[in-house]
Structures are given as structure tokens and as C-alpha cells.
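Open the model in your viewer and keep the selection tool at hand. The stops below go one residue or element at a time.

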Amino acid sequence: MDPFADTLQRLREAFSSGRTRPAEFRAAQLNGLSRFLRENKQLLQEALAQDLHKAAFHSDISELILCQNEVDLALRNLHTWMKDEPAAKNLITQLDSAFIRKEPFGLVLILSPWNYPLNLSVVPLVGALAAGNCVVLKPSEMSKCTEKVLAEVLPRYLDQSCFAVVLGGPEKTGRLLEHAFDYIFFTGSPRVGKIVMTAAAKHLTPVTLELGGKNPCYVDDNCDPQTVANRVAFFRYYNTGQTCVAPDYVLCSPEMQARLVPALQSAITRFYGDDPQSSPDLGRIINEKHFQRLRGLLSCGRVVIGGQSDESDLYIAPTVLVDVQETEPVMQEEIFGPILPIVNVRSLDQAIDFINRREKPLTLYAFSKSSQVVNQMLDRTSSGNFAGNEGFTYLTLTSLPFSGVGKSGMGRYHGKFSFDTFSHHRACLLSHSGLEMLKNIRYPPYSDCRQKLLTWALGSHSCTLL
């Protein structure tokens, strides 16, 4: 028996009825989402604390506030985003109406991960609802407490004829992906991204894939090591390193490494104290499987900071590795934990070559007092996102798209980019039912005069008469 058939049929019927298209309905769903965030703030904080050992403040700044900002932006701009967009015309179509209409795709599937289980569920959901779609949300089964809140509480705030949460592990998700959707939005690993894309291809379903990869962090010799260490340590160990855009490894000269390592130790001690395990600002590894994987990576290179672990608490200390070889496991996979390898390069050119020999990262970081160095790194590499002398603060800006490139993903979202992602941009040309005498020029037979006139009219001429 298919566990999803009835739910998907209900949602498809709701979409076919046109229920989700009016702006008033979309606004009502967004207002419901806003109430869910406000009225269940403590419940969500408690769930995130149980899943990831997140302090309430960290849940606020990395999940709840960012979600609320997206909802508020969509509500303020919904009518503007929905408006038909006029299109430029040529001489042949001057009397016609040309525009782009943003239409909902239909039934959308959102597959969200465990590392920011609220943020990475709700932010794409805002775009999907604002665009007028019916939505199936499949949260990660690994963040069990947040999954439970999303499944049991969130649907009370939305129209359940147009929205559903489905649960299950990899096997059930595989069965879910056998169904035809009109759009699939997936956040997760490249390995699972390939599975999602393969399933989508069977139905020619468009996808957004927000994946991961190894995000390089180049540190130039012309830097203040403590400033760099503060920023790198904060963004590397935030959420215990379980962030897809976190700096994954550092590229720097041996001379900068000698200055950077003690600065990193100073930053880690200042942030998390002499006993980081007791710090309220340091989370835990999501589960036993990931803990064992990460502990195995501690044998790579040489540990110069941290390296302690406690299996009973799923705790791994903020760690820095040196003498790391490119061929070691820690440099072959996305770390997704509180481990920071340092790889030595002799120059900016060598760092750029190292980066360009590998898969395109989700984010690339460059630190230097020289704007020329930062701009060279920006100009001569490719990544989904880029930050100079900063970490992933760009995620707080709804004015910037978040996206991958190559194996780090495809498609983009955040702010209006989410609305556009979940909207079909329909090209429309409306012509007058009469005025046939003016249309006669395009019909055969084509005399020399008519050919010249048509050729000229189709050219890129400006016309200010109309």
C-alpha cells in the first residue's frame, strides 16, 4: 500500500481548484507560518536543544530570527513579487502586450536536513507558499525533536488541504521520490543529491539542490593573525562545525601557520573556556554514526589544538590539525564537524591552483589586508558563494541569493530569489483580435519590399512613437 498516495492526491486536487493562487490565500499561509514561529518559540528552542545541544540564543540567531525575517519580507513584498513584469518589445509587437507572469509550479516537495532543521525547512517553505504552491515537507528523521514539532504543530497553522508533512527514513523517502512532483527542493549531501536528481529525472521534474563540499579558507601572509583566528574559529566551530558553508580547511604559508595556530588557541579558549565541553555555546554531534566518522578523522595529520572526544556525550573538542596531506581522508570528504585542517601553500597562485583542481565549493573564504589579493581569489576561482575577510554572515542578507555551483549544488533561494525559484516565469504576448491589415506584412508571398520591411522591423530598433 502506498503511504503517500492519498496525501498527494488531496494536495493536487487543492492546487487544481485554484485555491492557492490568490494573494489573500498566500498571505494567510505566511501569516500562519509567522504565528507558528512566534507562538512556539520555546517549544522550538527546546527541540533544537535536544537535537543539537543548541543554546536558546543560538537557536534564535541561526534559526528563528532568520525564518521570521523571510516571512516578514515575503508578506511586505508579496503583491509586488506577484505582479506581471512588462517585457521589452520590437516594432512588430508594439501594439501588443508582452509580459512575464509568475505562476506556481503546483505540487512542491521540500526535503530538509538535520543540521539547521528549522531554518532549512521553513526558509524554502516561505518561498514555496508565497509563490502559490501546494507543499509536501519532508524533514530529516535525524533531528527527531524538531521533526516532531514540524509534523505535529506546524500543520495546525496552515491550510491542510494544501500542505502536508511526511515522515520517514531513507527507504520511505525513496518511495516518496517515486511520485511525480512539479518541483523538488533538496538540501543535503552530494551523495543523496544524486539520488534525488535521478528520481526527479524520471519525471523531468526541475530541482534545486543545495549541497555541500569542502569550503577553502585562504589566509594571506598580510593579515592580523588574531583577527583571522577569531573569525575562522567562530564560523568553523559554530553549530559544532555542522554547517554546510563553514570553512572546511585553511590554506596558508608555513610562516602564517606558525602565527595562526596560537591565535586559534587563544580564540577557542576565549569563546569556549578552558573546558569547551562545559561551554553552553558549543553543541554536540548529531548522532553516534557521525561521531565515529569524525573521531576517525582525528588521526589525520597532527593534532595541535583539541583532539579530545567523549562518546557518551557525542562531544568532540574544537580541533586544529597541521601537517595534513591532500590525500588524507580529512581532505577527501566534507568534514561537517569541529575539526579544522591547515594545509600549507607557498603563494596565492599555489592556493588558487589547489582550489581549482578540486570540485567547486559551496563557499570560498579569503583573508588579507590587501584588497588585490581578495579580488584575485574572487576573480580566478568559482564557488557558490564568496566572502572576503568574513565568515558566512552573508546568510543573514535576504538581498543575496544562496546557491551552489557544480557539485556543490544548483539553483538559488533566500528572499525574492526563493519566490522566483518556486515560480514558473511564463512568457506572455497578448495581441489585438483585429488590426489584421497591420499583420498582413508577415504573410507570404514575400516581395523584395516586404522582405526588407520585415527584416528592418525585426531588428533591434528603438521606437518612441508608442
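Select Lys-102 first: Lys-102 is buried, with a relative accessible area of 9% (buried means under 20%, exposed over 50%, partly exposed in between, using a 1.4 Å probe and protein chains only). This is a predicted model, in which local features need pLDDT of at least 70, side-chain atom pairs count only at pLDDT 80 or more, and totals for chains, interfaces and linings use all residues. Residues are numbered from 1 along each chain as its sequence is written, and side-chain values use heavy atoms, with hydrogens and water left out.

Lys-102 sits in strand β2 (residues 97-104); strands are DSSP runs of E of at least two residues, helices runs of H or I of at least four, numbered from the N terminus. The side chains of Lys-102 and Glu-85 form a salt bridge at 3.6 Å, N to O (a side-chain nitrogen of Lys or Arg within 4 Å of a carboxyl oxygen of Asp or Glu). Glu-85 is partly exposed, at 37% relative accessible area.

Next, select Arg-19 and Asp-159, whose side chains meet in a salt bridge of 2.5 Å, N to O. They lie 140 residues apart. Arg-19 is partly exposed at 42% relative accessibility, whereas Asp-159 is buried at 15%.

Then pick Glu-141 and Lys-138, a salt bridge with its closest N and O atoms 3.4 Å apart. Lys-138 is buried, with a relative accessible area of 5%.

Finish with Glu-326, Asp-353, Arg-357 and Arg-358, which are linked in a network of salt bridges.
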